[in-house]
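Work through the exercises below with the model open. Try each task before you read its solution.

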Amino acid sequence: MWKKLLCACAHSTTLPWCALARRTLASSTPSSSAVNSLVLRSLKEHYLEVSKMSPPPKVSPPSPFTIVKGALDNHGPVLSRTYGDEGEEISISVMRLANIIPEGGDEDDDGGINQLFLHVDISKPGREKNLHFLCGLYPDAMGIHSVSLRPPVNSWFQRIPSKYQGPTFEDLDEKLKDAFYSYIEERGVNESLFPFLQAWLYVKDHRNLLHWFKAAGTFIKENKAVCSSREEILDPAEHHTECERVHPI
């Protein structure tokens, strides 16, 4: 149940526009306050339902990776570690593969997340650019999509390349591709990361969903309070029009 509800909410963002079209209202449109109350009640019911769900079993990241402080509250790296005598810093960011390729899907029959999308940044002290791997991660395998040199980035939105990033990974010689796989696996980036990152995404989705229900309810409740306070000073005949202006439907 936990997986299915969270995955259903995630997939709602990738539905075609025709599926998100506004339903036609009945001939007798309800008042603004009635609509607000209906939405608030529904938000509360869903919030309570989600808040009662038991999280997945706790999973620790494979050593020596550690969880980046504050990772649940931002869109940056989730895991980090140091490697080698040169003091390399390795950071890993993750998201659902379906968020990148909506038509590809990322779930099995029971609603589980089975395909992840990784950004792996490897930096060295004093270097202006990082070695950046774009990877697909699965329960039993990992695939490299691209290898590039990029300046350090602080969020997903800064990852759009502006200069030549290197050849397409699939066009590389097989020996070179195998060497890159050995390079990244030697640094601990492989399918052993999957159980933790999968569980982490479930927790983050659950947290984001609760925050969304709460934020949406707070927004509507604040508008409702504004409308109620104006009702005391507005002429009854003008109240309906004014309230609709405060929170349009």
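## Exercise 1: Charges over rings

Task: In this predicted model, find the ring that has Arg81 over its face, then the ring that has Arg187 over its face.

Solution. Start with Arg81. It lies over the face of Phe65, 5.7 Å from the ring centre. A charge counts as over a ring only within 6 Å of the centre. Now take Arg187.

## Exercise 2: The surroundings of Glu88

Task: Is Glu88 buried or exposed, and which side chain does its own side chain meet in a polar contact?

Solution. Locate Glu88 first. It belongs to strand S3, residues 88-96. Next, check accessibility. The relative value for Glu88 is 3%. The cut-off for buried is under 20%, so Glu88 is buried. Then look for the polar partner. The side chains of Glu88 and Arg187 are joined by a polar contact of 2.8 Å. Finally, list contacts beyond four places in sequence. Among them are Arg81, Tyr183 and Arg187. Ile122, Ser123 and Lys124 are also in contact with Glu88.

## Exercise 3: Rings around Phe169

Task: Classify the ring pairs Phe169–Phe180 and Phe169–Tyr181.

Solution. Two values are needed, because a ring pair is described by the distance of the centres and the angle of the planes. The whole structure holds five aromatic pairs. For Phe169 and Phe180, the centres are 6.4 Å apart and the planes meet at 50°, so this pair is tilted. Phe169 sits in the loop between strand S6 (141-150) and helix H3 (174-186), while Phe180 is in helix H3, eleven residues apart. For Phe169 and Tyr181, the centres are 5.9 Å apart and the planes are at 80°, so this pair is edge-to-face. This second pair ties the loop between S6 and H3 to helix H3, across twelve residues in sequence.

Phe169 has a relative accessible area of 1% and is buried. Tyr181, at 22%, is partly exposed. Last, widen the view. Phe133, Phe169, Phe180, Tyr181 and Tyr183 make up one aromatic cluster.

## Exercise 4: Helix H3 from end to end

Task: How many residues does H3 have, and what is found at its start and after it?

Solution. H3 has 13 residues. From first C-alpha to last, H3 reaches 18 Å, close to the 18 Å expected. At the start of H3, a side-chain oxygen of Asp173 comes within 2.8 Å of the backbone nitrogen of Lys175. After H3 comes Gly188, with a positive phi near 85°.

Technical notes. Residues numbered from 1 in each chain as written. Predicted model: local features only at pLDDT ≥ 70, side-chain atom pairs only at ≥ 80, totals over all residues. Heavy atoms only, no water. Helix = DSSP H or I, 4+ residues; strand = E, 2+ residues; numbered from the N terminus. Buried < 20%, exposed > 50% of the residue type's maximum accessible area, 1.4 Å probe, protein only. Polar contact = N/O pair within 3.5 Å; in protein donor to acceptor, adjacent residues only side chain to side chain. Contact = heavy atoms within 4.5 Å. Phe/Tyr/Trp six-rings, centres within 6.5 Å; stacked < 30°, edge-to-face > 60°. Lys NZ or Arg CZ within 6 Å of the ring centre and 35° of its normal. Expected span 1.5 Å × (residues − 1).
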